[in-house]
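Here's a quick briefing to read alongside the model. Have the viewer open and follow along.

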Amino acid sequence: MAAAVRGIGSGLGRGLRELRFHLCQRSAGSRGVRDFIEQHYVTLKKANPDFPILIRECSGVQPRLWARFEFGRERSVPLNNLSADEVAKALETIVKSTG
């Protein structure tokens, strides 16, 4: 997992404008997203200090990663019941996509 986060490094921003993590504070389905954020948010933010990485918590929401690209295009991937490793892989995939 750390390798995926390191692989992203400061690569955020090439056509990508914003990342949003939607998750529930307590649900089991959001556990992997919570773990990923606790372990890797600081690393990602330090490598990309001017890039918006937003964390949106809401009770009962299904965990999802949203990526906003140039010209307002958005993509999302569901993160329900994923481990922190799988969340990192989903992030890496969406970052490398073109929108």
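How are H2 and H3 oriented to each other? They are oblique to each other, a label for angles that are not under 35 degrees (roughly parallel), over 145 (roughly antiparallel) or 65 to 115 (roughly perpendicular). Before going further, note that this is a predicted model, where local features need pLDDT of at least 70, side-chain atom pairs count only at pLDDT 80 or more, and totals for chains, interfaces and linings use all residues. Residues are numbered from 1 along each chain as its sequence is written, and side-chain values use heavy atoms, with hydrogens and water left out.

**Overall layout**

- The protein has 3 helices and 4 strands; these are DSSP runs numbered from the N terminus, with helices being H or I of at least four residues and strands being E of at least two.
- Reading from the N terminus, the order of elements is α-β-α-β-β-β-α.
- Of the 99 residues, 40% count as buried, meaning under 20% relative accessible area, with exposed being over 50% and partly exposed in between (1.4 Å probe, protein chains only).
- Take the contacts (heavy atoms within 4.5 Å) between residues at least 6 apart in sequence: 72% of them join residues at least 24 apart.

**The H2/H3 packing**

- Two packed helices are described by the angle between their axes and the distance between the axes.
- Here, H2 (residues 31-47) and H3 (residues 84-96) pack at an angle of about 55°, with axes 8 Å apart; axes are lines fitted to C-alpha atoms, for helices over the stretch in contact, and angles run from 0 to 180 degrees between N-to-C directions.
- The H2 side of the contact is made by Gly32, Val33, Asp35, Phe36, Gln39 and Leu44, and the H3 side by Ala84, Val87, Ala88 and Leu91.
- Sorted by class, that contact has 7 nonpolar, 2 polar and 1 charged residues; Ala, Val, Leu, Ile, Met, Phe, Trp, Tyr, Cys and Pro count as nonpolar, Asp, Glu, Lys and Arg as charged, and the others, Gly among them, as polar.
- Glu86 lies in H3 and, at 38% relative accessibility, counts as partly exposed.
- Glu86 and Gly32 are 54 residues apart in sequence, yet their C-alpha atoms are 8.0 Å apart in space.

**The other end of H2**

- Ala47 lies in H2 and counts as partly exposed at 31% relative accessibility.
- Ala47 and Leu12 are 35 residues apart along the chain, with their C-alpha atoms separated by 8.9 Å.

**Aromatics**

- Searching the whole structure turns up 1 aromatic pair; rings of Phe, Tyr and Trp (its six-membered ring) pair if their centres lie within 6.5 Å, and planes under 30 degrees apart count as stacked, over 60 as edge-to-face and the rest as tilted.
- The pair is Phe21 with Phe36, and it is tilted, at 5.8 Å centre to centre and 35° between the planes.
- Phe21 sits in strand E1 (residues 16-23) and Phe36 in H2, so the pair ties together parts 15 residues apart in sequence.
- Both Phe21 and Phe36 are buried.

**Positive phi values**

- Most residues other than glycine have a negative phi.
- Phe71 has phi near 65°, a positive value in a residue other than glycine; Phe71 lies in the loop between E3 (64-69) and E4 (74-78) and is exposed at 77% relative accessibility.
- Asn81 has a positive phi too, near 60°; Asn81 is in the loop between E4 and H3 and is exposed at 57%.
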